[in-house]
Structures are given as structure tokens and as C-alpha cells.
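Reader: I am new to this structure and would like to go through its side-chain contacts one at a time. Please show it before we start.

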Amino acid sequence: MSTTAQATALHALPDADAPDRERAMAAVADLLSALGQDPDAGDLADTPRRVADAFIELLTPEPFEMTTFPNEEGYDEPVVVRGIPFVSLCRHHLLPFRGTATVGYLPGDRLVGLSKLARVVAHHARALQVQESLTMQIARTLDDALVPRGVGVVIEAEHLCMSVRGVRADSATTTTTSFRGEFARDVALQSRFGGA
């Protein structure tokens, strides 16, 4: 297996069955009917297709390669990217949660292309998720790919399942963290992540 294929296999989400768009559209039409709506009425006639396509897009991760390169200069300070936007779907309510991730690492022998820190967030966000798992998956992927001295991930997000229904806690945000290696042991290093 080539290095590229190994990286893709290591950092991809588990293979899932290809979405069945026609079945998804039929299911949305059935749901609309069950909710007392007429799926054939005027502006609802194309809703099953639009909803199915939206869910397929939100649940299909974009593949990427974790491009790394040697740390030839021996850089040993944290590399942190803040404000990485993402949207994911709550696996309990199928409603979006959205926010920003701060992702960083303490380099060892390898560095990573900065865009890959954003891509790993987007990759794992395209699934039915809970924020805690999303946070850990991002950290685990970076840890496995880079074997760094430490990894840190902080996610802040608003969950529509909490803000538009149920308790209706509008604008409440949830923060989750995952610190590994030296970040886990050093509160001063964690402070580089801002809100952590």
C-alpha cells in the first residue's frame, strides 16, 4: 500500500454504505405525511429531494491526505489554528450543531500542512456526531498521523437541538476539549488555546 493510501485509510471515517437517494427522498415524503403535511402540495413537492440531498451532503466526508513533512529546523513551540468553522449533525435529533474548533500540536519529528488542521475538522464533522466524540476523533487523528509531543483540540458550538427546541437555550454554547501528551500535563500550554 502506498504512503498516500495508508494515510487515507488511517484517517478516513469507516466505510459506509453509499446513500440511497431515492429511498431517502421517499422517507422524507413519508415523514412529511406522518407530520400532517402534504408532500405533493405546491412548494413542498420538491422538499423530499432537497432534504435528502442536504443530508447526503452533511453526512459525506470529503477525503483528504494528511500531508506531513520533516521538522528539519526542530521547531518545538505549539502550532495552533483558531476559529476553524464547522457544521455537524447531532446523532440524537438530526439537527445541526455548529461552531469553531481550535486545533494545535507540539511538533515532534513531523510538521503538517496547516490546511490539514481545518480539513481534519471538516472530515470528522461530516457524520452523525456528538461534540465529545468529534473532539476526540480530531485529536486521535492528529496524534496518529504526526506522533507529536502533544495535541490539543477545543470545540465551541451551538446545538440547535438545545436552542430551537426543548429548553430553547438560545445562544448557549458547549465547550469540549481533548489534550494529549504534553498538553495534557501542562496548564500553561493549554492556555494557548484561549477559552480552554
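Reader: Is Glu182 buried, partly exposed or exposed, and what is its relative accessible area?

Author: This is a predicted model. Buried means under 20% relative accessible area and exposed means over 50%, with partly exposed in between. Glu182 therefore counts as partly exposed, its relative accessible area being 28%.

Reader: Which side chain meets Glu182 in a salt bridge?

Author: Side chains of opposite charge can pair when their charged atoms come close. For Glu182 the N to O distance in the salt bridge is 3.1 Å, and the partner is Arg149. Glu182 lies in helix α7 (residues 182-185) and its partner in the loop between α5 (131-146) and β6 (150-159), so parts 33 residues apart in sequence are tied together by Glu182 and Arg149.

Reader: How many residues apart are Arg21 and Asp53, which form a salt bridge?

Author: In the salt bridge of Arg21 with Asp53, the closest N and O atoms are 2.6 Å apart. The pair links distant parts of the chain: Arg21 is in helix α2 (residues 21-34) and Asp53 in helix α3 (residues 47-58), and they are 32 residues apart.

Reader: Which residues are joined with Arg21 and Asp53 into one network?

Author: The structure holds eight salt bridges. One of them is between the side chains of Arg50 and Asp46, at 3.6 Å from N to O. Through salt bridges that share partners, the network joins Arg21 and Asp53 with Asp46, Arg49 and Arg50.

Reader: What kind of aromatic pair do Phe86 and Phe97 form?

Author: The count of aromatic pairs comes to four. Planes over 60 degrees apart count as edge-to-face. The ring centres of Phe86 and Phe97 are 6.0 Å apart and their planes are at 75°, so this pair is edge-to-face.

Reader: Are Phe86 and Phe97 buried or exposed?

Author: Phe86 is in strand β2 (residues 79-90) and Phe97 in strand β3 (residues 96-106), eleven residues apart. Both Phe86 and Phe97 are buried.

Reader: At what angle are the ring planes of Phe179 and Phe193?

Author: Phe179 lies in strand β7 (residues 174-181) and Phe193 in the segment after α8 (187-190), so the pair ties together parts 14 residues apart in sequence. Their ring centres are 5.4 Å apart, and the pair is edge-to-face because the planes are at 80°.

Reader: What is the relative accessible area of Phe193?

Author: Phe179 counts as buried, at 18% relative accessibility. Phe193 is also buried, and its relative accessible area is 3%.

Reader: Which residue forms one aromatic cluster with Phe179 and Phe193?

Author: The pair of Phe179 and Phe193 is edge-to-face. The aromatic cluster that holds Phe179 and Phe193 also includes Phe183.

Notes: Residues are numbered from 1 along each chain as its sequence is written. This is a predicted model: local features need pLDDT of at least 70, side-chain atom pairs count only at pLDDT 80 or more; totals for chains, interfaces and linings use all residues. Side-chain values use heavy atoms; hydrogens and water are left out. A salt bridge is a side-chain nitrogen of Lys or Arg within 4 Å of a carboxyl oxygen of Asp or Glu. Helices (H or I, at least four residues) and strands (E, at least two) are DSSP runs, numbered from the N terminus. Buried means under 20% relative accessible area, exposed over 50%, partly exposed in between (1.4 Å probe, protein chains only). Rings of Phe, Tyr and Trp (its six-membered ring) pair if their centres lie within 6.5 Å; planes under 30 degrees apart count as stacked, over 60 as edge-to-face and the rest as tilted.
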